[in-house]
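The following paragraphs lead through one protein chain, from its overall make-up to a few selected residues. Please keep the sequence and the 3D view at hand while reading.

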Amino acid sequence: MKTKSSVLASVLAWLAAFLSIAPFVYVLALSFLPASGGVTFHYYYQVFLGTSQYLTRFWKSLLICLCVVAGQLVVSILAGYGFAKCQFKGKNALLFLLMILMVLPLQVTLAPNYIMLDSLGLLDTYAALILPSIFAPLGTFILTQSFKSVSEDIVDAAKLDGCGLFRLLVKVVLPMNTSGLVCVTLLSFLDGWNMVEQPIAYLKDFMRYPISVALAYVPPADPTLQLVCCVLVVLPPLFLFTYFNRELVEGIVLAEMK
């Protein structure tokens with residue numbers, strides 16, 4: 001019975017993996033096959049080397065994502081440490097409010113963010129994409145759960161050795177929660193890399209659009225060029241998720257367990 005169950009589980013796992021990877025393999029294969037027939041690398045040369053039109057947007061989008069990741073890590077680390085290891089009035093209420101904000105759909109926050117950014121004079125700038133993403137609640141929630149896994153005995157021992165609040169965070173808590181940090185880094189990068197509604201709502205200049213939005217404006221008359229641009233867009237998240245797969249899984253599992 002166990003053997004049949006194991007075989008069935010393996011078959012279902014392979015089937016799920018095939019269904020997940022099949023669209024990417026399909027896009028990758030067709031990106032070498034133009035409508036005129038044959039196999040060509042011309043479109044790869046055009047996108048990666050021939051012109052700066054696509055690579056410029058690629059690097060701008062990457063810079064935006066790096067700023068989002070850096071800012072969200074700082075906010076999530078400080079807020080998560082406060083929720084996990086510090087005692088203050090209203091902590092549980094604030095944490096509950098954070099969880100409510102976490103389940104709100106993005107479309108609900110577009111209008112308030114637009115009004116706030118307009119009052120600050122930040123519309124049609126890259127800051128309009130970066131600042132709201134920095135304060136996304138998911139990273140704080142994940143690190144709050146991750147930091148709770150650090151034993152209070154370890155924290156008390158570090159305090160007895162003379163560790164202050166900042167040193168305790170840097171020397172003790174963060175090294176013990178690398179999986180949570182990697183998890184927040186990957187999820188915040190993916191969120192910034194795939195943003196579509198925010199650039200359309202906050203940016204007026206087409207030249208400022210990140211590649212996630214500009215991809216829709218690739219000439220539809222040339223589908224092979226569109227497919228090559230799709231390959232370009234998928235490369236950063238594919239590399240990160242492949243390289244840090246174990247840390248991502250551990251961070252998510254740890255957040256669910258606490």
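A helix here is a DSSP run of H or I with at least four residues, and helices are numbered from the N terminus. The model is a predicted one. By that count the chain holds 14 helices and zero strands. Read along the sequence, the pattern is therefore α-α-α-α-α-α-α-α-α-α-α-α-α-α.

Some overall values come next. The C-alpha atoms fill a box of roughly 70 × 65 × 35 Å, taken along the principal axes. The chain has 258 residues, and 38% of them are buried. Its accessible surface comes to about 15,100 Å², and carbon and sulfur atoms account for 71% of that area. Of the contacts with a separation of 6 or more, 75% are between residues 24 or more positions apart.

Is serine 212 buried or exposed? Its relative accessibility is 18%, and buried means under 20%, so serine 212 counts as buried. Its side chain reaches the backbone oxygen of methionine 195 at 2.6 Å. Leaving aside neighbours within four places in sequence, serine 212 is in contact with Trp193, Asn194, Met195 and Val196.

Trp193 also belongs to helix α10, which covers residues 178–193. This helix has 16 residues, and at 1.5 Å a residue they should span 22 Å; the end C-alpha atoms are 22 Å apart, so the two values agree. Trp193 is among the buried residues of α10, which also include Ser179, Leu181, Cys183, Leu186, Phe189 and Gly192.

The loop between α11 (197–202) and α12 holds lysine 204. Because its relative accessibility is 66%, lysine 204 counts as exposed. Lysine 204 and alanine 214 are 10 residues apart along the chain, and their C-alpha atoms are separated by 13 Å.

Charged residues are the next topic. Side chains of opposite charge can pair when their charged atoms come close. How many salt bridges does a search of the whole structure find? The search finds one. This salt bridge is formed by glutamate 152 and lysine 85, with 3.1 Å between the closest N and O atoms. The pair links distant parts of the chain, since glutamate 152 is in helix α8 (residues 152–160) and lysine 85 is in helix α3 (residues 53–85), 67 residues apart. The two partners can also be described by their accessibility. Glutamate 152 has a relative accessibility of 42% and so counts as partly exposed. Lysine 85, at 15%, counts as buried.

A nonpolar patch of about 710 Å² is made by Phe88, Leu94, Phe96, Leu97, Ile100, Leu101, Leu104 and Val108. Which helix gives the largest share of the nonpolar patch? That share, five residues, comes from helix α4, residues 91–103. Phenylalanine 88, another member of the patch, lies in the loop between α3 and α4.

Definitions and conventions
Residues are numbered from 1 along each chain as its sequence is written. This is a predicted model: local features need pLDDT of at least 70, side-chain atom pairs count only at pLDDT 80 or more; totals for chains, interfaces and linings use all residues. Side-chain values use heavy atoms; hydrogens and water are left out. Buried means under 20% relative accessible area, exposed over 50%, partly exposed in between (1.4 Å probe, protein chains only). A polar contact is a pair of N or O atoms within 3.5 Å; within protein, one must be able to donate a hydrogen and the other to accept it, and residues adjacent in sequence count only if both atoms are side-chain atoms. Contact means heavy atoms within 4.5 Å. Helices (H or I, at least four residues) and strands (E, at least two) are DSSP runs, numbered from the N terminus. The expected span of a helix is 1.5 Å times one less than its number of residues. A salt bridge is a side-chain nitrogen of Lys or Arg within 4 Å of a carboxyl oxygen of Asp or Glu. Patches are made of residues with over 30% relative accessible area and no salt bridge: like charges are joined within 9 Å, nonpolar side chains (Val, Leu, Ile, Met, Phe, Trp, Tyr) within 5 Å. Accessible areas come from the Shrake-Rupley method with a 1.4 Å probe; for residues, only the protein chains shown count as cover.
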